[in-house]
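I opened a new page for this protein.

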Amino acid sequence: MMAVFKPLQTQMLFDDCCIHSLVVENKELFRRVISSFEFDFLEDYFVFSQNFTPFEFYKKGVYISNPLNPDITSKKLVGKLNSYLESVCNDEFTQKVEDIKPRLFELVGELVRLSDYDIDFNCDIDTSSVIKLLSFAVSRGDDDPTSLLLRYILLVQNISRFLFS
């Protein structure tokens, strides 16, 4: 992974054995940089790439402002969870997902027959549709500090594994 911080115009290389830090001491610039993460206008300050292929942070990245208590209901985190579960289903449970589809079509047919309205529906049921239908969400669990730290470590591990695999 490579990043360019536009105000510096020098690249930062991220490899497997190093952790790099960017220290912004100018208070005004620091506020603008942090705001760019929080409000999704990172392109004003950063260019991310991997093997010289642009990494679209606003699509694939997630900024977590409070790592010990992240907003687990945010659309980006729920989207990452759904993407992860979809990839698991596609890799591990393909047949089970295929077995569900005929039952869903059967249910749709019955609902259309019973309805007083002319109903259109999407006939293309893919794995992501099944995952969204089930409305997965990360459980809040206990909010004691130890549980929060453990949840944070597991979240970072899972997201890192999914993003960098």
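Accessible areas here come from the Shrake-Rupley method with a 1.4 Å probe. With that, I looked up the accessible surface of the protein, and it comes to about 12500 Å². Carbon and sulfur atoms hold 57% of that surface. I note that this is a predicted model.

Next I checked burial. Buried means under 20% relative accessible area. I found that 21% of the 165 residues of the protein count as buried.

Then I listed the elements. The protein has six helices and four strands. Read from the N terminus, I get the order β-β-α-β-β-α-α-α-α-α. I also looked at contacts between residues at least 6 apart in sequence, and 52% of these join residues at least 24 apart.

I turned to helix H4, residues 94-114.

Which residues of H4 are buried? I found Val97, Lys101 and Leu104. Seen down the axis of H4, the buried residues fall within an arc of 80°, so they line one face of the helix. An α-helix has 3.6 residues a turn, so residues three or four places apart point the same way.

On the other side of H4, I noted Gln95, Lys96, Arg103, Arg113 and Leu114 as exposed. Last, I asked what covers the buried residues of H4. The cover includes helix H3 (75-92) and helix H5 (127-133).

Definitions and conventions
Residues are numbered from 1 along each chain as its sequence is written. This is a predicted model: local features need pLDDT of at least 70, side-chain atom pairs count only at pLDDT 80 or more; totals for chains, interfaces and linings use all residues. Side-chain values use heavy atoms; hydrogens and water are left out. Helices (H or I, at least four residues) and strands (E, at least two) are DSSP runs, numbered from the N terminus. The expected span of a helix is 1.5 Å times one less than its number of residues. Buried means under 20% relative accessible area, exposed over 50%, partly exposed in between (1.4 Å probe, protein chains only). The arc is that of the directions from the helix axis to the C-beta atoms. Contact means heavy atoms within 4.5 Å.
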